[in-house]
Amino acid sequence: MRNLLLLATSLLFLQFSQAQEPKKETKKKPISEAKSFITKHKGVFGGTAMDYTTTAKETFLTNKDGDSIATFWSVAYTKSNIGDVTKRPVTFVFNGGPGSASMWLHMGFFGPKIVKVDSDAKNDDGAAPYNLVNNEHGLLDITDLVFIDPVGTGYSRLVGKGKGKDFYGLKEDVDSFAQFIRKWVTENERWFSPKYLAGESYGTTRAAALGKTLEGSGQNMALNGMILISQALDYAGSTSVKNNITSFITYLPSMAATAWYHKKAGQGKSLESFTQECRDFTYNTYIPSLYKGNSLSEVEKNTIAEKLSYFTGLEKNYILQSDLRILMGRFQKQLLSDKGLAIGRLDGRFMGDEADKLSENPHLGDAASYQISAAYTASLNHYFASELKVKMDRPYITSGGGSNWRWRTVPDGKYWEPMPVNTAPDLGETMRRNTAMKIMVASGYYDLITPFFDAEYTFDRNGIVKERVDMKYYEAGHMMYTHEPDLIKLSKDIREFIASE
């Protein structure tokens, strides 16, 4: 009893002492007013001269209580004096990552000005100055364009009560994009305009889920179409790791195409015929052998290894030692090992000279990335400052948002990720509810991160309506627009896609 009295006295004294101490006020940094930069321009796109307005600005996103939690940075290019907006399409453009700004599609393909890098992937971008040119193949004559940067990238950032967990996850990311798109469409009175999404890489993962999300929340928005560049809807087919049988299936034709490009396989045959031969082998022979595993006889193993060597240009013995399963990192190092070069992952045409010739994977990183990224970053910063008159108090972050990324969030808020993410079923459902929505899929033959055969494998499944899917192929990699002939072809293909009924 005495102990209880002493405890009660102590607690009363502590409460009294705390009451006498002045409370420390934690000052929150005030939320600054959203910035906006509007400029007028003239340009020629697709042979059409036109006036257009550029609006580079911040847009506040809010939580369910109406508190500001983030600003999204966007750059919108809209035709001046549109007139009837119901006839004027608008395309929302974003890159992937997760955690990548829209710089790549902005400065590489869709924007009014684009940076030129070596079309043949033979030379590094070097140091400044770089080659920023008018984009005569741009699409602004047929559609308005809105480039969007997710939180943590570009000038987009958390504010007020916003936390990383509100944005750094697939569902959260998609919800934030849906809120931004609805805000933009409402503020610009574009609900009757035809609407398209154009995403690259993880941006296609986002787009497939976003189409479904835009149907909900009591603000049903139906899309006219999606342009999926280097699609990554089902990650089982674009994740080259041990014991993932799907990836050995989906990557093999891209290995064959890349070996053909570097003259290590398929010589005397066209790229199309050689890759088709590899498709047939993959479906009819390689898949059953992968599932048989150790049940294969030695004769069968040798037969498969010889055929894999024929398609990939790698030594038969190396393939046997790899248990008939070639991981992509190893392929990058082995294909040109006789020259001491490692090929790129985003684009197998690129090559890097590494000091360690025997490492299992490229240790410098991806040559297809580090050989062009400086040119893109410098060009965007120069363009924003000199032509769009953007003056911000912080740097433009090309890659950043995405720390502690959550691929799945179950209803009770707990984190759950037992299998690779797959948003292809979302796309299938949306296509069946929205019978007017069409899809264009752009794939590079030498893309060694989101392989073209994975696109075919994915779109043959998941309830997708194939009759409304247009598959296009390019002789380059993940960012096929770095290859000048494919930039022109991609522009032509998208024009036809948007114009089609």
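User: Which residue forms a salt bridge with Arg-279?

Analyst: A salt bridge is a side-chain nitrogen of Lys or Arg within 4 Å of a carboxyl oxygen of Asp or Glu. In this pair the closest N and O atoms are 2.7 Å apart. The partner of Arg-279 is Glu-456.

User: What pLDDT must side-chain atom pairs have to count?

Analyst: Residues are numbered from 1 along each chain as its sequence is written, and side-chain values use heavy atoms, with hydrogens and water left out. This is a predicted model: totals for chains, interfaces and linings use all residues, local features need pLDDT of at least 70, and side-chain atom pairs count only at pLDDT 80 or more.

User: What area do domain 1 and domain 2 bury between them?

Analyst: Domain 1 covers 36-236 + 371-500 and domain 2 covers 240-369, with bounds from an automatic or database domain assignment. In contact (heavy atoms within 4.5 Å) are 28 residues of domain 1 and 34 residues of domain 2. Buried area is the accessible area (1.4 Å probe) that two parts lose on being put together, summed over both. Here 58% of it is on carbon and sulfur atoms, and the total is about 2,700 Å².

User: Which three residues supply 32% of the area that domain 1 buries against domain 2?

Analyst: The area concerned is part of the about 2,700 Å² that the two domains bury between them. No other three residues of domain 1 supply more than this trio. They are Tyr-446, Leu-448 and Phe-453.

User: How many residues of H13 are buried?

Analyst: Helices (H or I, at least four residues) and strands (E, at least two) are DSSP runs, numbered from the N terminus. Buried means under 20% relative accessible area, exposed over 50%, and partly exposed in between (1.4 Å probe, protein chains only). The buried residues of H13, including Phe-453 and Glu-456, pack against several elements, among them H6 and strand S14 (469-474). H13 is largely enclosed by the rest of the structure, because its buried residues number 8 of the 8.

User: How far apart in sequence are the parts that Tyr-77 and Phe-147 tie together?

Analyst: Rings of Phe, Tyr and Trp (its six-membered ring) pair if their centres lie within 6.5 Å; planes under 30 degrees apart count as stacked, over 60 as edge-to-face and the rest as tilted. Tyr-77 is in strand S3 (residues 68-79) and Phe-147 in strand S7 (residues 144-149), so the parts joined are apart in sequence by 70 residues.

User: Which helix holds Phe-453?

Analyst: Phe-453 and Tyr-283 form an edge-to-face pair, 5.2 Å centre to centre and with 65° between the planes. Tyr-283 lies in helix H6 (residues 271-292), so the pair ties together parts 170 residues apart in sequence, and the helix of Phe-453 is H13.

User: Which ring does Arg-279 lie over?

Analyst: A charge sits over a ring if NZ of Lys or CZ of Arg is within 6 Å of the ring centre and within 35 degrees of the ring normal. Arg-279 is 5.9 Å from the centre of the ring in question, which belongs to Tyr-473.
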